[in-house]
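This short report is meant for a reader who is meeting the structure for the first time.

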Amino acid sequence: MTGLSTRRFALAVAAWLATTAGLAAGERVQSGLVVLYDFEEGSGNVVRDGSRTLTPLDLLIQTPQAARWKDGALAIDRSATIVTRVPASKIIDAAKRSGELTIEAWVKPANAMQQGPARIVSLSADPGNRNFTLGQDGGRYDVRLRTLKTDVNGLPSLAGPDGSIADRLGATAGLPSSAAPLTHVVYARNSAGQATLYLDGKPAAAKEVAGGFDNWSGDFRLILANELTGNRPWHGELHLVAIYGRALSAGEVEQNFAAGAAGGAIDYTALLPPAADQRVDFVSHVQPILRKHCFECHAQGNEEAGLNLGIKARALAGSDQGPVLVSGQSAKSRLIHLVSGIHKEAIMPPPDYDPLTKDQIGILRAWIDQGLAWPDGTDVVDPRLAAARTHWAFQPLRPVELPIVKDASWVRTPIDRFILASLEAKNLAPSPPADARLLIRRLYFDVIGLPPTPSGDQDGATEGRRDGGTDAYDALVDKLLTSPQFGERWGRHWLDVARYADSDGYESDADRPHAYQYRDFVIRALNDDLPFDKFLRWQLAGDEIEPDNSQAVAATGFLTAAAITILPPAHLEEERLRNRYNELDDILSTTGTGMLGLTLGCARCHDHKYDAVSSREYYRLLAAIHGGDRKVIKLPREGSEALVFHDLGGTPQATWLFQRGDFYDRDQPVQLGFLEVLMRERAVEDYWTAARRDPPRSDTTYQRKALAAWVTDVEHGAGALAARVAVNRIWQHHFGEGLVRTVNDFGVRGERPTHPELLEWLAHDFVEHGWSVKRLHRLILTSAAYQQSSAFDPAKAKIDPDNRLLWHKPPQRLEAEIVRDAMLAASGTLNGQPFGPAFKPPIPAEAMVARNTKSPYPSDARDDATTRRRSVYMFHKRVVPYPLMQAFDRPDAQQACGRRDQTTVAPQGLALLNDGFVRARAADFARRLIETAGDDTALVDSAFELALARAPSAADKAASLAFLRTARERRQSREPGKPEAEIRLAAATDFCQALFSLNEFLYID
């Protein structure tokens, strides 16, 4: 050593001697600790940071073949990669803040020949760039620390005495490797630049390493036993590694040395709940705990982290990180650590779920300590399937007895018995009937989506309701159900589910001029009361079922309705494949949610987490549509063109199960198949054979026909579920909420029905009567439950605040399209032309800025009779939403919408005040009133009747007349020369626009 180094070394020794007295053995220094690895857990591919400071910085053993766990140590016998997943920010930040650092390790080198130096602990990128490294250079330890005064490799380094490793290893030459010495190595550098290397608690070398750490890279990760490049391996045993964000004093180093290599080990026995003091039976004691708390994430179909606790062999094998059960040693079992929450960053079940109790943990501990007894034949292969077999939505349809009620006089249809029975069970009574005229308005909007017109039809029904009779009302229900406007109103609901629009969406958003044929099919099918099972089958395979029927072929537009990006052939194969399988996924996902209320798309990349839908089943279902594509064709017997779905040939397309959804990872081929949980006594081959029974064509596979048959097969397939989903959707649109409120999810995570017996009765009745949609509507519309008042009752709300028992009729706002249609109807300008190509109404230029690159929306669209048709016929361009409808929550058709949002936001009021369409219709309404009414009093009477389907009250009339008078006076004062007729029209327009903005206009009741 130089004279200066010798003097500093002597000072360090003196400091050490001065601070060693009175230190408590067995207690490690905690102050300033940043990371600690004690290697006590003894299994897995993860080395946990046990410092319990800030965010844990765990290490991943990326080369498990190179490292093996020993008691309290990690032995490395070949080139290993043991590295943090992320940059070691908390080490870097702590050192930069303090300007100090301590690196501590308990190590047992394999030999004294490791050169390089071989890396023991390193914060670096490669052999030439580091923040620091503790390594072995032959027979001595060597530390490289990067500062502003060193080079990027941390040179010059500080090395221990020559031969210090070799001498210690030499003393045990010829003895077993277990006799090799365990060495405590510590490097401490303080803010003054003094660096000291300690061996076994005593200073062994010292030097000045000046300069701060401002040049440390923030991207480096912490590595043990190597460089990331793999070319500086160190062999031996690691018993403890710790890093401090400050320089330990000589006395603190001595304290850690006295604590020993196991001084940082966690005493798990002291932290864990005690093992149960009983003999544990696996089936009756352990398996119920696993089933309730663990199977959702760790069983067949959803093996998170590779762990399956349902099958013995898989459970004993452990997870991706190694074993989780150590027979006879529950305190060392990773599973017990997880469920006990010892490591706050790794708690199972996750915080959103109910934790295990101490007694449950005690049972698991006792089971492990008693040898992990797991009898043969008790494996749970697929707990999701077992649970699904008992799930209410997946059961066969069954007849249901009508319940007995006390107040039978209230009952009008069987529906009422179920509603009333639930109310009476809670000592609740239904609300009185709605006001007759309000009820008629409700009926009109619900059935045809238009306000009632002044005529004798509804007057008779109104008078009948007032007298307590039902014949006239029931006759009006029948009349409206046979109206051609019924399909226009209810078609919109299904088009939401089918995500129908008239353009492709995404960036190009090209128009689809022939898509309207599918929209028209939906409307016609509902008007014709096409049996709903046939309605579903045609949409999946109408071209295979009735190829000569233009409506059946047009129905396959359901499969083409998704938003897509059409890529030219020049695009890379990967882009085209991704685009293709995204499109197919959308078709399958929409079929699942729309027809079956199942989230099939969740199984694209892995088995469904909750429902019994495996990834294999997903791809087997996909096989039905894999060989098809969209195409514009001439409809049979009509000649008009339609965008339809068709197969590309008679041979099924090769389909694979993609691992994790990666279309290049084609793990194994799959054939057409359906969901096992929804199959009873009929095989897939039976469906496909039946589908091809008629003289088959060579241009299609008939796989979609087989799928369609399974979807609607009540006895052996998914038909019972499809019926429940359909009934629930119709109920939702009449009452605002479905009997099952999660209308798109009937799986095990969906809500249970509020009236399960009623839903079952309706679904069974629906099927028994030929899947007639209109009959189901009539049952609902003529029920006393539907005809209740919507008045709020605070006393009843205390018992049932969400109105789940339907003690009153929930008020509902008109959908965006119906708001527009109602304005057209009130103004007398509604064009009733049905069907045909969609119309494009004018849209403000500011709503089309920086939009689509293909088929731009016309800037010269006019507001005339051709654009005043019902909104269901409006051109729905995905990236150019119609502003008024956007304000009132019209969905964007990017995905299936089973239930629209219903917001109340300021833009709605602004739209009613400023939208050009609203103002124009208010002016039309005003002209109609002026032409048909005499004075202002008659105008107000007529306005209320046409807009709100009632006469104005005395207060209404007084306020309205005052409004008209004030509006005229203000306009006359602003424009004194304007003709009186124009002044009156402008004032009446203001009044009509105010009526359009009333809640009473926007809400059904």
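## Cavities

On a 1 Å grid over the protein atoms alone, a cavity is a set of points where a 1.4 Å probe fits but cannot get out, and lining residues have an atom within 4 Å of a point. This is a predicted model, in which local features need pLDDT of at least 70, side-chain atom pairs count only at pLDDT 80 or more, and totals for chains, interfaces and linings use all residues. Residues are numbered from 1 along each chain as its sequence is written, and side-chain values use heavy atoms, with hydrogens and water left out.

Seven cavities of 30 Å³ or more are found in the structure, and the largest cavity has a volume of about 160 Å³, a volume being the space filled by probe spheres set on the points, which are joined across faces, edges and corners. The largest cavity is lined by 13 residues, and Trp 490, His 493, Trp 494, Phe 532 and Ile 730 lie nearest its centre.

## A loop residue

Ala 408 sits in the loop between helix H10 (383-388) and helix H11 (414-425), where helices are DSSP runs (H or I, at least four residues) numbered from the N terminus. Ala 408 counts as partly exposed because its relative accessibility is 39%, which falls between buried (under 20% relative accessible area) and exposed (over 50%), with a 1.4 Å probe and protein chains only. From C-alpha to C-alpha, Ala 408 and Leu 420 are 8.9 Å apart in space, and they are twelve residues apart in sequence.

## Two crossing helices

The axes of helix H6 (residues 282-293) and helix H9 (residues 358-369) come within 10 Å and cross at roughly 125°, axes being lines fitted to C-alpha atoms over the stretch in contact, with angles from 0 to 180 degrees between N-to-C directions.

Definitions and conventions
On a 1 Å grid over the protein atoms alone, a cavity is a set of points where a 1.4 Å probe fits but cannot get out, and a pocket is an open set with protein on both sides within 12 Å along at least five of seven lines; lining residues have an atom within 4 Å of a point.
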